[in-house]
Amino acid sequence: MKTQLMICIALLVAIAAAATGAATVAQEFSEQRNPSIDGRWAYGWKRQLNGDFQAFTRAFAVSWWNASVTGWSMSGEGPQHGSHCCPYVGRNRSGRQILGTGARVGKDDVWFHPGASGEFAVVRFTCHSPGRQKVVAKFYGAGDGQTDVHVSKNNTEIWSGAIGGMGQIREYQNAGVECYASDVIDFAVGFGADRVYYGDITGLAVTVEPITEGAMDPRRQ
Ligand SMILES: [Ca+2]
């Protein structure tokens with residue numbers, strides 16, 4: 001009994017440590033659950049940036065661009081099914097860079113793709129470590145298309161950029177994002193000024209790091 005109790009305590013400590021440290025979208029990409037088991041990451045879409053977040057309901061695992069690809073969408077389709085694919089969020093599981101026709105995705109990277117009617121693909125981070133967060137988000141053109149990229153907190157946009165094609169990078173950095181329990185930070189991609197979703201594959205690297213860990217939520221004081 002004592003041994004079991006010690007194991008339970010060790011597991012709880014490990015879970016707590018995982019839930020309070022820096023969060024990285026690619027390393028913690030969840031293929032089994034959406035939201036992820038610790039509740040920090042969710043994958044979905046929005047019709048408007050300030051609209052309701054709809055979590056994807058179906059996971060996919062496919063071979064495409066001669067690479068192993070996993071991810072989430074509403075249809076259960078991934079990048080292999082053209083107009084049925086999108087929006088979706090994917091992860092490169094091939095262990096190497098993807099070099100496909102019109103696609104260049106870094107090793108182990110997460111990427112996302114908007115929908116044909118302008119639906120935003122969204123990766124959502126939910127704050128579990130109350131306090132000030134350092135948020136770094138890098139978006140890059142992994143396809144030939146033009147896109148618009150955004151960072152929002154609680155559905156209010158705090159940054160946006162535009163990507164004009166493959167290889168272009170837009171980066172958001174903020175060391176002072178106040179984020180308390182249940183606050184959400186969304187990273188989104190839309191189909192851009194051309195209003196066409198073809199080739200809008202967009203790489204996403206995000207790190208959220210608590211820098212005033214354990215702070216009290218002023219809304220509850
Ligand atoms: Ca586009």
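Author: A residue is called buried if 20 or more other C-beta atoms lie within 10 Å of its own, exposed if 12 or fewer, and partly exposed in between, with C-beta atoms placed from the backbone. Arg195 has 10 C-beta neighbours inside 10 Å and therefore counts as exposed. The model is a predicted one, in which local features need pLDDT of at least 70, side-chain atom pairs count only at pLDDT 80 or more, and totals for chains, interfaces and linings use all residues. Numbering runs from 1 along each chain as its sequence is written.

Reader: What percentage of the 221 residues in the protein do buried residues make up?

Author: Buried residues account for 38% of the 221.

Reader: How many helices and strands are there in the protein?

Author: Helices (H or I, at least four residues) and strands (E, at least two) are DSSP runs, numbered from the N terminus. By that reading the protein has one helix and 16 strands.

Reader: Which residues touch the most other members of the largest nonpolar core?

Author: In soluble globular proteins, nonpolar side chains tend to be buried together. A nonpolar core is a set of buried Ala, Val, Leu, Ile, Met, Phe, Trp, Tyr and Cys residues joined through C-beta atoms within 7 Å. The largest one here has 44 residues, of which Val89, Ala121, Val123, Leu204 and Val206 touch the most other members. Elements giving two or more residues to this core include S2, strand S6 (88–92), strand S10 (120–126) and strand S16 (202–210). S10 provides the largest share, five residues. For Leu204, setting aside neighbours within four places in sequence, the contacts are Val25, Val110, Trp111, Phe112, Val123, Phe139 and Phe187.

Reader: How do strand S12 and strand S13 pair?

Author: Two strands pair if DSSP finds at least two bridges between them. Strand S12 (residues 147–153) and strand S13 (residues 156–163) are antiparallel partners over seven bridges. Within this pairing, Val151 stands opposite Trp159 in S13. The two strands form a hairpin with two residues between them.

Reader: Which turn residue of this hairpin has a positive phi, and is Asn154 buried or exposed?

Author: The turn residue is Asn154, whose phi is about 50° although Asn154 is not a glycine. Asn154 counts as exposed because 12 C-beta neighbours lie inside 10 Å. Arg195, in the loop between S15 and S16, likewise has a positive phi, near 55°, and is a residue other than glycine.

Reader: With which residues is Asn50 in contact, leaving aside its neighbours within four places in sequence?

Author: Asn50 is in contact with Asn155 and Thr156. Asn50 belongs to the loop between strand S2 (41–46) and strand S3 (54–55), and its 11 C-beta neighbours inside 10 Å make it exposed. Its C-alpha atom is separated by 9.7 Å from that of Lys153, 103 residues apart along the chain.

Reader: Where are cis peptide bonds found?

Author: One joins Asn34 and Pro35, with omega about 5°; Pro35 is in the loop between strand S1 (23–24) and S2. Another joins Cys86 and Pro87, also with omega about 5°, and Pro87 lies in the loop between strand S5 (67–73) and S6.

Technical notes: Two residues are in contact if their C-beta atoms, placed from the backbone, lie within 7 Å.
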